[in-house]
Every structure is written in structure tokens, then in C-alpha cells.
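Visitor: Could you take me through one part of this model up close? I'd like to hear about the salt bridges and how they connect.

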Amino acid sequence: MTTSEPPDSGRQRQNWAERRREKIRAEIERNRRGEYTVPTWVLGLALALIVGAWLALIFLV
């Protein structure tokens, strides 16, 4: 026995892949124009690491 998929599932997968490719293309174009922004969570993590290292230096040395 084989499981048959609905006939539109291949088309949906293709549409999903095409939308994904278009998002990636758009992001690359934005980055090339200089519109790159660092995600907020990355900035927060960097700040936490800097403050943590600074506090470690103060209290452990």
C-alpha cells in the first residue's frame, strides 16, 4: 500500500520554496544597500556578556 498525497501538495511545496527564495533574495538586496540591522536579541546577548565579564573581573580578581 502506498499513501497518496493530494495533487496540490507538490504545488504547495513549490510555492513555499519560491516564497522562501524570494525572502532570501530580498534580504540580500537590503543588506547590499546597507539596510542590515542586528537583531535585538543579539544586541541583548552581547550586552549581557560584556556586563557579565566586567562583573567577573571585578569580583574574581
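Guide: Let's start with a pair on helix α1: Glu 22 and Arg 25 sit three residues apart there, so about one helical turn separates them. (Helices, H or I with at least four residues, and strands, E with at least two, are DSSP runs numbered from the N terminus.) The side chains of this pair, Glu 22 and Arg 25, form a salt bridge at 3.3 Å, N to O; the term means a side-chain nitrogen of Lys or Arg within 4 Å of a carboxyl oxygen of Asp or Glu. Through shared partners, salt bridges tie Glu 18, Arg 21, Glu 22 and Arg 25 into one network.

A word on the ground rules: this is a predicted model, where local features need pLDDT of at least 70 and side-chain atom pairs count only at pLDDT 80 or more, while totals for chains, interfaces and linings use all residues. Residues are numbered from 1 along each chain as its sequence is written, and side-chain values use heavy atoms, with hydrogens and water left out.

The structure holds three salt bridges.

How about accessibility? Glu 18 is partly exposed at 37% relative accessible area, where buried means under 20%, exposed over 50% and partly exposed in between, using a 1.4 Å probe and protein chains only. Arg 25 is partly exposed at 38%, Arg 21 at 42% and Glu 22 at 43%.
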